[in-house]
Amino acid sequence: MGEDLFYAVLVGVSLGFIFDFLRLPRIIFNDRFFLDFFFWIISSIFVFCYFLIFNDGTIRMINFIFIFIGFIFYTFTLGYLTKNVEIRVAKKIKIWLKKVKNVLKTFKKVLQSLYNLYYNITTQVKSLFRKKSKGDGYDKENKEK
């Protein structure tokens with residue numbers, strides 16, 4: 001009984017680590033729904049596997065309590081220490097992403113201007129080599145001369 005409760009605490013600590021790992025993209029992209037949903041899927045798989053391995057699939061409330069204790073332990077020790085570091089890293093990554101976004105905007109403008117130049121040149125060349133048909137006034141100009 002003591003061994004599976006120890007592993008329950010380890011499962012809780014590992015879930016705290018996963019939650020902490022997903023905190024950085026959550027801060028950067030401000031997308032809480034998808035990342036929280038992803039965390040809950042992962043945590044349910046972890047807990048399900050834990051119950052299958054150590055309790056033969058039987059669910060006991062004491063195991064949930066020890067998983068929660070492990071999660072809280074990680075959150076208030078290492079999670080608390082890494083939160084400030086992750087916030088600083090996220091700010092730097094956001095600044096870097098803004099710079100990349102600006103570079104991509106200028107690159108897009110250059111590509112659009114090249115496309116417009118190509119389009120204008122090809123339409124002018126096509127109009128020079130286009131055969132004049134009877135309906136475009138070509139015959140009227142020749143008859144008047």
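**Burial, core and pocket**

Author: Arginine 23 counts as buried because its relative accessibility is 11%, where buried means under 20% relative accessible area with a 1.4 Å probe and protein chains only. This is a predicted model, in which local features need pLDDT of at least 70, side-chain atom pairs count only at pLDDT 80 or more, and totals for chains, interfaces and linings use all residues. Residues are numbered from 1 along each chain as its sequence is written, and side-chain values use heavy atoms, with hydrogens and water left out.

Reader: Which residues does arginine 23 touch, not counting those up to four places away in sequence?

Author: Contact means heavy atoms within 4.5 Å. Arginine 23 touches Gly79, Thr82, Lys83 and Glu86. Arginine 23 itself is in helix α2 (residues 23-29), helices being DSSP runs of H or I, at least four residues, numbered from the N terminus.

Reader: How many residues are in the largest nonpolar core?

Author: A nonpolar core is a set of buried Ala, Val, Leu, Ile, Met, Phe, Trp, Tyr and Cys residues joined through side-chain atoms within 4.5 Å. Here the largest has 13 residues, and Leu15, Tyr50 and Ile67 have the most contacts inside it. α3 gives the most to this core, six residues. Beyond four places in sequence, the contacts of tyrosine 50 include Asp4, Val11 and Ile67.

Reader: Which element gives the largest share of the lining of the largest pocket?

Author: A pocket is an open set of points on a 1 Å grid over the protein atoms alone, with protein on both sides within 12 Å along at least five of seven lines; lining residues have an atom within 4 Å of a point. α3 gives the largest share, six residues. Among the lining residues are Leu15, Trp40 and Phe68.

Key
On a 1 Å grid over the protein atoms alone, a cavity is a set of points where a 1.4 Å probe fits but cannot get out, and a pocket is an open set with protein on both sides within 12 Å along at least five of seven lines; lining residues have an atom within 4 Å of a point. Helices (H or I, at least four residues) and strands (E, at least two) are DSSP runs, numbered from the N terminus. Buried means under 20% relative accessible area, exposed over 50%, partly exposed in between (1.4 Å probe, protein chains only).
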